[in-house]
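Me: I would like to go through this model by question and answer, with the cut-offs stated as we go.
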Amino acid sequence: MNAFSLRLFGFLTILAGAVHAAPVIVDEGGAHAEIVVAEKPTRSAKLAARELQAVVGKITGQKLPIVTAPTGGAVVKIYVGESEHAQRVGVTSEGLERDAFRLVSGADWLALVGNDWDFTPIEPWGRSNSDWVKIKEAEWRKLAGHPWVNPTSASLYKDYSKPLDIWKHDHRGSLNAVYAFLRDLGVRWYMPGPLGEILPDLKRIELPAVNRTARPEFEVRTLSRPMLNAPSIDDALWYLRIGANDQYGVLHHGQRYVTEHPEQRARHPEYYAMLPNGKRDTESETANACLSSPGFFQEMVAYCRLMFDHYDMPIVSVMPHDGFTHCQCQDCKGQATLDRDPSGHSSDYVWGFVVRVANELAKTHPDRKVFCGAYSSYRMPPLSIDKLPDNVWVQITNGRPIREMDDKTHEDTAALRREWQAKTNHPLSVTLNYTPFTDRGEFRPQYWPHIIARGLRDCAGTVWREDVWLSNGKGGLHFPGMSHLNPYVMSRLWWDTKQDVDALLDEYYALFYGPAAADMQAFIEHCEKNYSKLGSDGDLTREALALFDKAKAAAPSESVFAQRMALVDEFLVTLRNRAAQIRADRPEGLPGFRVIDMGKDKWRDVRDTLVIDGRIDEPFWTAYSLRGVLKDVRTGAKPRLPTEFRVRWWNGALYLAIRCQGQPGVAPIIGGSQDGDPAIWNGEHLELLIETDKHSYYQIVINPAGHLISMDRGTDKAHWSKWSAKAEVAAHRGDDFWSVEMKLPVTASDEDPLHQIIGSMPFKSRADVLESGKGTSLPWYFNLFRKRAGSEDEETSAFSPLGPDAKTFHDPLKFGEIYVQ
Ligand SMILES: [Zn+2]
C-alpha cells in the first residue's frame, strides 16, 4: 500500500465506522479485548493479568475480562503468561532467562509472556515471628543438631505478599511484560502510592505492532525497601512494578549463623576471635570467629551442607560477621598483612578461610556456590591466592560509588572491581549501602541519578547482582517523597544501562513536577553535586533551600505537584535547622590541638615501640613532648588534679594517651566493671567527644579500669548504642595516677556506619591539604572531659572549657580543633 492508498484506506474506515486500521483494545465504546491466561497460571501471570486489568481500568474506565480460553466474543486476545493459547500463536518463554520477557503481537492478539517460576518455601519456616518461635524453631534445632541460627526461615514470611500472592524469589517475567506494556502506554511509577503514579488519560488503546524481547542487564536487582509484606500494599506493588527481585540463598555474613547462638558461645569459646587482651570474644553482639579453629571450620562446612541439602540453596555465604575483628590467637595473628592498606590487613586471612571451606564443599556439592563479601579489612583481594576456586563468588561492598561525582572515586572503584575480576571467572555482586539501614539521622537530600547511571554503566556485563540497602520507613521507603528517585533510576538502568539518564530525568521532572520541573531539576542537581558539603557549608546549604523554595512557589498550592513537593519539604526540616545553625559560626578563641603523624619518616624508629598496656612510657609517646592539658570545665582555671593527653595518627588510626593525676594511695572510684555499663558514669571517667569531617559526633567514655562506652550521637537516641568504636583500650594504675592508652581505628568509607569512626585524616586548613596531596580533608573537632564522679571533691575538667553557664558536655560548637601536621 502506498501513502495515498493508506490515507484512502483510513478515510474509508472512518466512513465504514465499524472497521479499524488497527484492532482496538479499548475505546469509548467499551473493552474490545480479553485477557487470556492458562488454566493454571504461574503466580506471576496471575498477578500480571490482575494488574493489567486494574491499570487499564484506571486509565480508560473500561474493564478487560480475564478468561482461561478465548471466548470468541472479543476482537483482541491478550495472552498473559505462557498458555496453550499463547503457544498456538507461537509465543513461549523458551530461551528467556530469569525475569526476561517478550512483547509480541499478531493480527488480533498481543502476547505478554515471560520467564516465570514459582518459588516453594521449604519447611520448617515461620509464617510469622511467633509461629517460628513457638513451633518451627524447635523443628529447626532438631534438623540442625547444633546451636545454629536459621538464616532465612525465621523471617521468610517477610518475603511474601499475601494480598498479591507473590514471593520475592518468584521469577516474574510475565508480570514484567505487563508492566512494560503499560509503560509503553505512558504509565510511570516514580514513587509508591497513587501520588507517585503517572497515568495517561486515554480513551482509546490500539493493538500495537510489537515484537521485542527484554532482558535485564543485572540478573538480581535487590532493594531492601520497600518490603513485600509492608503494611501498605502500595509499597509492595511499587517494588514489583519497578522490576526488583531477590536471590534465594544466604548472601550476607554467613558466619553469624554459626556463632550467634548463646549456647554455641557457652559451649565453644574456642570458636571465637581472641581479643588483644587474650580473652575470646563470646560476648559482643557481632562476635567474630577464630578462622583457625578446626571445630569452627567443621561446623561452617556442615552448616553450608545443610543449607544446600535441606533448604536447596544454590549459594551460601561464609562471610565473617559484621564489625570484623582479626583473631589474635597464635595461629591467626601472624596471618594479618599489616604492611598493606588497612582495607587489606585481613584479606589473606579471611579469603584463605573462604577457599578452605569452598574446597571442602566442592567435594560433596560441586554444583553449589560459596559466597563472601570484600568488606572492611578484607576488602582488597588477597595476595597469596592467584585464583579463587570455581565455586567461590565474590561480592564487593559499595562496589560502585554511592555519592561521589569525582572521576577518581569512580576509577578507583573500577580498579578494585578489576582486581577482583582477575581472581575469579564469575561476575561480581555488589552491595550498596545507600544511607544506612539504621535510620541514622541523615538530613541531607539524597539524589544521585548521574552517579548511579555512571556506576551502572561501568558495571554492566561484569556484575550479576546488585544488593541495595535503603533506609527503612515502616517497611516502605524512608521519606519516599525524597528517596524514591535513586531506586527508580537504578531500576530503569538495571534493565538498560545504555539509555540516556538525562532523557529519563527530563521526563521525570516534567511529569512529576509539572510547572516546577526546571526548578526541581536545579534543586536536585545542586544536591547531587554538593552533597558532601550540605549541612556544613553555609552558602551551599542555603542555596539548596532557596532552590527548593523557588520550585515550591512555581506550582499551584493544591496541585498534585505541590503535594509531591510537600513530601520533600517534610524531609528538609533538619537541613533548615542546620542551615540556621551554621550561621552561628564557632565562637572565637577555641583551643586547637596538633596530632603527630607517626607516618612521617622521622618517627620510623619509634612507631613500632607502641604497646597498648596503659603505660605511657614507650618512645611512641615520649619521643615528642607535645601534650594537651585539661582545665576546669567552667572557669578554665587549673584543676586540683591535673590531666594531660597526647594524640598520634598512624596507619589509619587515632591513638590517645591520657594521664590522670590522683592523690597518693587513693584509688580512683570505679563505677562500672564491664564495657557498655552505664554505671561507668557513676565513677571517675573520661569522655571523648569527637566530630570528624564526615560525622558529628561520636562519644567514647573510658573509666580507670579500662572499660568503655561508645555511642554515636549523630543518630536518634534509640540508635546511639548501636555503634561501636572498635577501640583497643588498656588502663594502668600507679600509686598517685591512672593512665589509659587507646587506639581508635578510623575509616574513610561509610560502607559500615555501625563500627569505627568515619572520617578522613584531619588537616588544619585547605592549604595543608593541598600541600600534603592527601585528599581534601578538613579538621576535626573534639572535646575531652575528665569527671571525678562519686568522689568527695568531685571535679570536672575539659580540654575546651564550656563557661560558667554550661549545663551539658554536649555542645559541639564549643569543641576545639584537632588536626594532623
Ligand atoms: Zn584464631
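Me: Which residues do ring pairs link into a cluster with Trp 117?

Reply: This is a predicted model, in which local features need pLDDT of at least 70 and side-chain atom pairs count only at pLDDT 80 or more, while totals for chains, interfaces and linings use all residues. Residues are numbered from 1 along each chain as its sequence is written, and side-chain values use heavy atoms, with hydrogens and water left out. Rings of Phe, Tyr and Trp (its six-membered ring) pair if their centres lie within 6.5 Å, and planes under 30 degrees apart count as stacked, over 60 as edge-to-face and the rest as tilted. By ring pairs, Trp 117 is linked into a cluster with Phe 119, Trp 125, Tyr 160, Trp 167 and Tyr 248.

Me: How many aromatic pairs does the structure hold, and why is the pair of Trp 393 and Trp 464 edge-to-face?

Reply: The structure holds 45 aromatic pairs. For Trp 393 and Trp 464 the ring centres are 5.5 Å apart, and the pair is edge-to-face because the planes stand at 80 degrees.

Me: Which parts does that pair of Trp 393 and Trp 464 tie together, and how many residues apart are they in sequence?

Reply: Helices (H or I, at least four residues) and strands (E, at least two) are DSSP runs, numbered from the N terminus. Trp 393 belongs to strand 19 (residues 392-397) and Trp 464 to strand 21 (residues 463-469), so the pair ties together parts of the chain whose separation in sequence is 71 residues.

Me: Which charged residue sits over the ring of Trp 393?

Reply: A charge sits over a ring if NZ of Lys or CZ of Arg is within 6 Å of the ring centre and within 35 degrees of the ring normal. At Trp 393 the charged end is 4.3 Å from the ring centre, and it belongs to Lys 369.

Me: Which residues have the most contacts inside the largest nonpolar core?

Reply: A nonpolar core is a set of buried Ala, Val, Leu, Ile, Met, Phe, Trp, Tyr and Cys residues joined through side-chain atoms within 4.5 Å, where buried means under 20% relative accessible area, exposed over 50% and partly exposed in between (1.4 Å probe, protein chains only). The largest such core has 160 residues, and those with the most contacts inside it are Leu 182 and Trp 351.

Me: Which arrangement do the donor atoms around the zinc ion make?

Reply: Donors are N, O and S atoms within 2.8 Å of the metal (3.2 Å for Na, K and Ca), and water is not among the atoms, so sites may look incomplete. The zinc ion is coordinated at 2.3 Å by the SG atoms of Cys 290, Cys 327, Cys 329 and Cys 332. Four donors count as tetrahedral if all angles lie between 85 and 135 degrees; four count as square planar and six as octahedral if opposite donors are over 155 degrees apart and all others between 65 and 115; anything else is irregular. Here the 4 donor atoms subtend angles of 103 to 116 degrees, so the arrangement is tetrahedral.

Me: Is Cys 290 buried or exposed?

Reply: Cys 290 lies in the loop between helix 8 (262-267) and helix 9 (294-309), whereas Cys 332, 42 residues apart from it, lies in helix 10 (residues 330-333). Cys 332 has a relative accessible area of 0% and is buried. Cys 290, at 3% relative accessibility, likewise counts as buried.

Me: Where is Pro 226 found, the residue joined to Arg 225 by a cis peptide bond?

Reply: The cis peptide bond between Arg 225 and Pro 226 has an omega of about -5 degrees. Pro 226 is found in the loop between strand 16 (220-223) and helix 6 (233-241).
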